[in-house]
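Have a look at this one with your viewer open.

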Amino acid sequence: DGLPTTVSADLGVPTVHRTVTDYANFDHGATTPALTAVAEAAERAQRRYGSVHRGAGYASRVTTGWFEAARDEVANFVGARPDDEVIFTRNTTDALRLLAHCLPEGTQVFAWESAHHAALLPWRDAGTTRLPVPNSAQHAIELLRSALAQSPAGDRLVVITGACNVTGEIWPVAELVAVAKEFGARTVLDGAQYAPHVAIDLAALDVDWIAFSGHKLYAPYGAGVLAGRSDWLDAAGPYLPAGGATARVSHDGTRWQTGPARHEGGTPNAVGAIAIAAACATLRAYRASIGAHESHLYSRLRSGLAAIDGVRVVEVLGDRPNVGVVTFTVDGYDPSLVSQVLADEDAIAVRDGRFCAHLLCDAAVGVGASAVRASLGLATTGEHVDRLVAAVRRLVEHGPALSYVHTDEGWSA
Ligand code: PMP
């Protein structure tokens with residue numbers, strides 16, 4: 001349909017850009033462009049799909065096979081233990097909500113206020129302990145240890161952000177899991193920003209569950225994953241009580257399936273699941289070169305922006321490995337004007353706002369304040385990084401080239 005395929009010059013992973021110009025996409029933290037392998041897998045599935053788990057026809061059996069193979073690939077991608085479950089959901093928000101639904105009665109939940117709202121809000125208020133925004137990895141560990149030490153014994157769940165969507169900082173996952181285990185607490189990893197950039201090994205990390213989204217993993221919208229321990233999932237009532245989740249409905253009552261089907265009521269997004277699996281397989285194959293590519297570009301971006309007078313880079317934990325996100329403010333400029341100028345004058349896509357992490361922004365940017373986020377990914381090149389740094393420097397030194405007015409719809413030139 002005329003969509004150009006762009007090959008990332010620095011890395012060689014083919015990605016499909018839904019644009020006709022080579023705009024510099026620094027919004028991978030929100031949503032990523034589809035990998036070519038993903039677009040092809042989705043298209044193949046679209047061309048010949050039949051109902052999943054519901055038909056005896058050829059297309060139905062093929063689609064069911066692909067759907068279940070997708071589950072196996074995702075299990076591989078996350079390093080699942082043999083008895084872990086992989087449940088396809090709509091996105092990370094839905095995956096964490098599903099886990100919240102499955103918590104045993106009385107479970108105490110521990111979450112840092114710096115979490116994305118999707119990881120902060122789905123838990124019942126009563127029984128949730130909000131830990132303050134930490135100022136270092138060590139501080140995060142201490143906050144958790146002291147909260148767990150003060151909490152009564154019982155079922156406990158610690159919600160860990162793999163990588164922060166505002167700062168890109170990778171959290172000390174292994175250390176936090178170790179503290180949780182000392183107290184017999186379970187853990188869930190919000191992998192929305194982590195999974196696209198860092199190899200995951202649930203078994204080695206001893207993390208109980210992970211949640212992530214297809215659309216941040218170079219796959220389309222509308223599909224995500226919750227993967228991990230089956231015991232709490234199988235003991236809970238179905239998330240979506242519907243067809244597919246039932247083993248038997250009779251006048252005497254309903255028996256529910258166990259395993260993924262229990263929570264995947266209704267016809268699943270099979271194409272989305274197949275697309276996620278294609279993304280997982282591609283990312284696994286390229287992991288090492290992706291890491292090197294992204295960390296090289298990240299250092300160049302971060303040092304370039306930090307060297308500009310009046311640019312302030314937002315940090316929470318401080319000195320941490322980073323998935324390739326630099327969030328910043330420019331003294332004297334409204335962040336929404338900065339992002340508009342970058343889009344209009346240099347074809348650069350960034351995001352401004354408070355990133356569904358209001359408490360983090362209050363603590364790290366300023367109460368009620370917003371910032372500009374540049375998040376890189378597979379389609380980012382060195383030229384993109386240099387273009388962004390030069391554009392911000394030009395803005396600081398000379399102001400916008402166009403004249404802007406602020407209206408109800410935002411800034412316009
Ligand atoms: N957690 C984090 C860290 C995120 O960055 C996001 C998306 N911005 C989410 C959760 C929610 O993901 P989704 O909108 O795909 O449900």
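Aspartate 206 sits in the loop that links helix H7 (202-205) to strand E9 (209-213). Keep in mind that this is a predicted model. Although aspartate 206 isn't a glycine, its phi is positive, at about 65 degrees.

Follow the chain on to tyrosine 218, in the loop between E9 and strand E10 (224-228). Is tyrosine 218 buried or exposed? It is buried, because 30 other C-beta atoms lie within 10 Å and the cut-off for buried is 20 or more.

Next, alanine 227. Leaving out neighbours within four places in sequence, its contacts are Val74, Ala75, Val78, Ala80, Asp84, Glu85, Val86, Leu202, Trp209 and Ile210. Ala227 also belongs to the largest nonpolar core, which has 125 residues. Along with Val38, Val74, Ile274, Ala275, Ile276 and Ala279, it is among those that touch the most other members. Which helix gives the most to this core? That's H9 (residues 270-306), with 16 residues. Domain 1 (5-34 + 287-412) and domain 2 (39-279) both contribute residues, so the core lies between them.

Now for those two domains themselves. Their C-alpha centres are 28 Å apart, and the contact draws 34 residues from domain 1 and 31 residues from domain 2. On the side of domain 1 that touches domain 2, the elements giving two or more residues are strand E2 (14-16), H9, strand E14 (325-330), helix H11 (358-364) and strand E17 (371-375). H11 gives the most to that side, with five residues. By type, the residues there split into 19 nonpolar, 10 polar and five charged.

What is the shell made of?

Finally, zoom out to the annotation. An unreviewed UniProt entry marks residues 26-388 as "domain: Aminotransferase class V". Over that stretch, the chain is 40% helix and 17% strand, with the end C-alpha atoms 9 Å apart.

Notes:
Residues numbered from 1 in each chain as written. Predicted model: local features only at pLDDT ≥ 70, side-chain atom pairs only at ≥ 80, totals over all residues. Core = buried A, V, L, I, M, F, W, Y, C linked by C-beta atoms within 7 Å. Buried ≥ 20, exposed ≤ 12 C-beta atoms within 10 Å, placed from the backbone. Helix = DSSP H or I, 4+ residues; strand = E, 2+ residues; numbered from the N terminus. Domains from an automatic or database assignment. Contact = placed C-beta atoms within 7 Å. UniProt positions renumbered as here; feature names shortened; annotations may be inferred. Nonpolar A, V, L, I, M, F, W, Y, C, P; charged D, E, K, R; others polar.
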